[in-house]
Amino acid sequence: MIKLFVGLGNPGPEYEATRHNAGFWWVDSLSRELKAPLSMDRGYQGFVARTTVQGNTVWLLQPQTFMNLSGKSVAALARFFKIQPQEILVAHDEMDIAPGEAKLKLGGSHAGHNGLRDIHAQLGSSDYWRLRIGVGHPGVKSEVVSWVLKKPSPDHRIAIEQTIDRSLKALPHLLAGDMDKATMLIHTSKPPRPKPPKPPQAEAPPPTPSPGVS
């Protein structure tokens, strides 16, 4: 089962609405779902919530170390409470996935994500779960940094928020440790396809005037 849910982002109001903070948005939604308010805990360098679900202790964490040092916060809490890497789920922004979709994954590389890179280093393991929240790609490698530190378009923000809401339907499976069911639910939980626009109806030709009777 997942015992520690982590959302990645950068602290401060200037970053609050940026793509890089999608993990924070997810944990905020999870906090509301579990009715477990987050509060700052300087011992773990982050906003923390603790709650009990079906007799099991569950932790929520938003590191406040800035993205590149996220692992310090995650590792401090995980080590103190003896939480194993495979009992941790990290929600983060993912440029290789379109807004409106999310993927669940165990292990693998950090793929250049600096938050994951530091978690790898601090835990000494890559064997933790990731919830990859799609934020889209700018299409040009040189624009990646500015892309994640900017706000998504209104349409993309709505799509991301809807993805977060849908992914939370897998929460019972994540808490139970049924990761196959959680994966299936998250991966098949995609936004409905927009209905194609109705073709414009052809206008009826005007009636032919009848000849007048003199």
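This is a predicted model: local features need pLDDT of at least 70, side-chain atom pairs count only at pLDDT 80 or more; totals for chains, interfaces and linings use all residues.
Local features need pLDDT of at least 70, side-chain atom pairs count only at pLDDT 80 or more, and totals for chains, interfaces and linings use all residues. Residues are numbered from 1 along each chain as its sequence is written, and side-chain values use heavy atoms, with hydrogens and water left out.

**Exercise 1. Find the strand order of the sheet, then its edges.**

Step 1. Know the terms. Strands (E, at least two residues) and helices (H or I, at least four) are DSSP runs, numbered from the N terminus. Two strands pair if DSSP finds at least two bridges between them.

Step 2. Read the order. The sheet is open, has 7 strands and runs 2-3-4-1-5-7-6, with mixed pairing.

Step 3. Look at the ends. Strand 2 (39-41) and strand 6 (102-106) each have a single partner strand, so one side of each lacks a neighbour in the sheet.

**Exercise 2. Describe the pairing and burial of strand 7.**

Step 1. Take strand 5 (residues 88-94). It runs parallel to strand 7 (residues 129-134), joined by 6 bridges. Ala 91 stands opposite Leu 131, and Glu 94 has Gly 134 as its bridge partner.

Step 2. Take strand 6. Its pairing with strand 7 is antiparallel, over 5 bridges. Here Lys 105 has Arg 130 as its bridge partner.

Step 3. Check burial. Buried means under 20% relative accessible area, exposed over 50%, and partly exposed in between (1.4 Å probe, protein chains only).

**Exercise 3. Classify the ring pair of Tyr 44 and Phe 81.**

Step 1. Recall the rule. Rings of Phe, Tyr and Trp (its six-membered ring) pair if their centres lie within 6.5 Å; planes under 30 degrees apart count as stacked, over 60 as edge-to-face and the rest as tilted.

Step 2. Apply it. The structure holds 6 aromatic pairs. In this one the centres are 6.1 Å apart and the planes stand at 50°, so the pair is tilted.

Step 3. Place the residues. Tyr 44 is in the loop between strand 2 and strand 3, and Phe 81 in the loop between helix 2 (70-80) and strand 5, 37 residues apart.

Step 4. Compare accessibility. Tyr 44 is buried at 13%; Phe 81 is partly exposed at 28%.

Step 5. Widen the view. Ring pairs link Tyr 44, Trp 59, Phe 80 and Phe 81 into a cluster.
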